[in-house]
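Dear colleague,

Please find the structure below, handed over for your use.

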Amino acid sequence: MASLHNATLVLTVDHKGCGNYTRLQKAVDAVPDYAAARTLIAVDAGVYAEKVVVWSNKTGVTLQGRGNLNTTIVWNDTANSSGGTFYSATVAVLAANFVAYNAVALRVAGDQAAFYWCGFYSSQDTLLDEQGRHLFRGCYVEGSIDFIFGNARSLYLGCTISSVANAAAGGTVTGSVTAHGRASPAEKTGFAFVGCTVVGTGQVWLGRAWGPYATVVFARTYLSAVVAPGAWNDWNDPARQQSVFFGEYDCTGPGASGGTVQRVAYARQLDQRQAAPFMDVSYIDGNQWAVPPLLPPMQGAAGEDIIVSAEFSHGQAGIM
């Protein structure tokens, strides 16, 4: 396992006492500060009731769980109890070069973080994708209102986005998948969803303009009827309609644009050239750091292979 992850140090966590540690935070604390080599933390199946922070000095950590339904970290903080949404995460990753397999974090502020086959479960504000460049592949994210939010530059590949928003009569919108916080055109941030599926309950927007330059793109993604016909919201600030970048490309499903589905006027239907910069790991400068070994191609919504390496050439809170 250590060689697979290129780790020179392996720490094991088992809540029954069969590992090096019974608590995940203790294992994180044991990681060498600012290590040049990678540390693997292997977490056995079970429910771990604790709040975990991977501090900025704990670089190069790989967290390996037993599956997002088998290894679970739970805590019950809320925005009110913890002093704000940014402090309410069950797991916070502030360090660079963090990788998780079959595991999860709910606040990601470190650069070059990657998550493979992880599960994120909550309602409002599930995943604080705060800042930095991040890859989420094959993950499951569940919530209702602004449940993927922040100002990171992130690529979501082959993820399932599941709304648990309440149903309401008359097609009233009861939730939103994203709330991106890009505040100025100088910030190189945005959320890109490629080959994903959006399903669930209620009626939700694909995104709300938390920041005046919010940038969100859904490409080759299956959009179920849970997506509201207008799809996008300006945060009750019409001026933001001129500066946001809300785009869709080659999406399918009853919630996709076209036919009787009418988008808001400021939504963009992209062509391949316009969508290309958002479609692969070069969007997050991830050709070197975000590609683990032995990853097969993924199937997009239209059946095409989605390659994690560069596909296009262009210039530019129970968890686990």
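**Confidence and conventions**

The protein chain has a mean pLDDT of 85, and 84% of its residues reach 70 or more; pLDDT is the predictor's confidence in each residue, from 0 to 100. Over residues 293–320 the pLDDT is below 50, and this stretch has 86 contacts in the model beyond near neighbours in sequence, a contact being heavy atoms within 4.5 Å. This is a predicted model, in which local features need pLDDT of at least 70 and side-chain atom pairs count only at pLDDT 80 or more, while totals for chains, interfaces and linings use all residues. Residues are numbered from 1 along each chain as its sequence is written, and side-chain values use heavy atoms, with hydrogens and water left out.

**Strands and sheet**

Helices (H or I, at least four residues) and strands (E, at least two) are DSSP runs numbered from the N terminus, and two strands pair if DSSP finds at least two bridges between them. Strands of a sheet pair through backbone hydrogen bonds, either parallel or antiparallel.

An open sheet of 8 strands shows parallel pairing in the order 4-7-9-12-15-18-21-24. Its edge strands are strand 4 and strand 24 (232–233), each of which pairs on one side only. Within this order, strand 15 (residues 145–150) and strand 18 (residues 175–180) run parallel and are joined by 4 bridges; Ile145 stands opposite Ser176 of strand 18.

Strand 5 has parallel partners in strand 2, through 4 bridges, and in strand 8 (residues 99–101), through 3 bridges. Leu63 of strand 5 is the bridge partner of Ile41, and Thr62 has Val99 of strand 8 as its bridge partner. Both faces of strand 5 are covered: Val61 and Leu63 on one side, and Thr62 and Gln64 on the other, are all buried. Here buried means under 20% relative accessible area, exposed over 50%, and partly exposed in between (1.4 Å probe, protein chains only).

Strand 17 (residues 160–164) runs parallel to strand 14 (residues 140–143), with 4 bridges, and to strand 20 (residues 197–201), with 5 bridges. Tyr140 has Thr160 as its bridge partner, and Ile161 stands opposite Val198.

**The largest cavity**

The largest cavity has a volume of about 40 Å³. A cavity is a set of points on a 1 Å grid over the protein atoms alone where a 1.4 Å probe fits but cannot get out, and lining residues have an atom within 4 Å of a point; the volume is the space filled by probe spheres set on the points, which are joined across faces, edges and corners. Its lining consists of Leu24, Val28, Val52, Val54, Val61, Leu63, Val91 and Phe98. Helix 1 (24–29), strand 4 (52–54) and strand 5 (61–64) each supply at least two of the lining residues. By class, the lining has 8 nonpolar, no polar and no charged residues, where Ala, Val, Leu, Ile, Met, Phe, Trp, Tyr, Cys and Pro count as nonpolar, Asp, Glu, Lys and Arg as charged, and the others, Gly among them, as polar.

**Three loop residues**

Ala45 lies in the loop between strand 2 (38–43) and strand 3 (46–49). Leaving aside neighbours within four places in sequence, Ala45 is in contact with His15, Arg66, Asn70 and Thr71.

Asn97, in the loop between strand 7 (91–93) and strand 8, has a positive phi near 60°. Asn97 counts as partly exposed because its relative accessibility is 29%. Arg220, in the loop between strand 22 (215–219) and strand 23 (222–223), has a positive phi of about 45° although it is not a glycine. Arg220 is buried, with a relative accessible area of 8%.

Yours sincerely

Technical notes. On a 1 Å grid over the protein atoms alone, a cavity is a set of points where a 1.4 Å probe fits but cannot get out, and a pocket is an open set with protein on both sides within 12 Å along at least five of seven lines; lining residues have an atom within 4 Å of a point.
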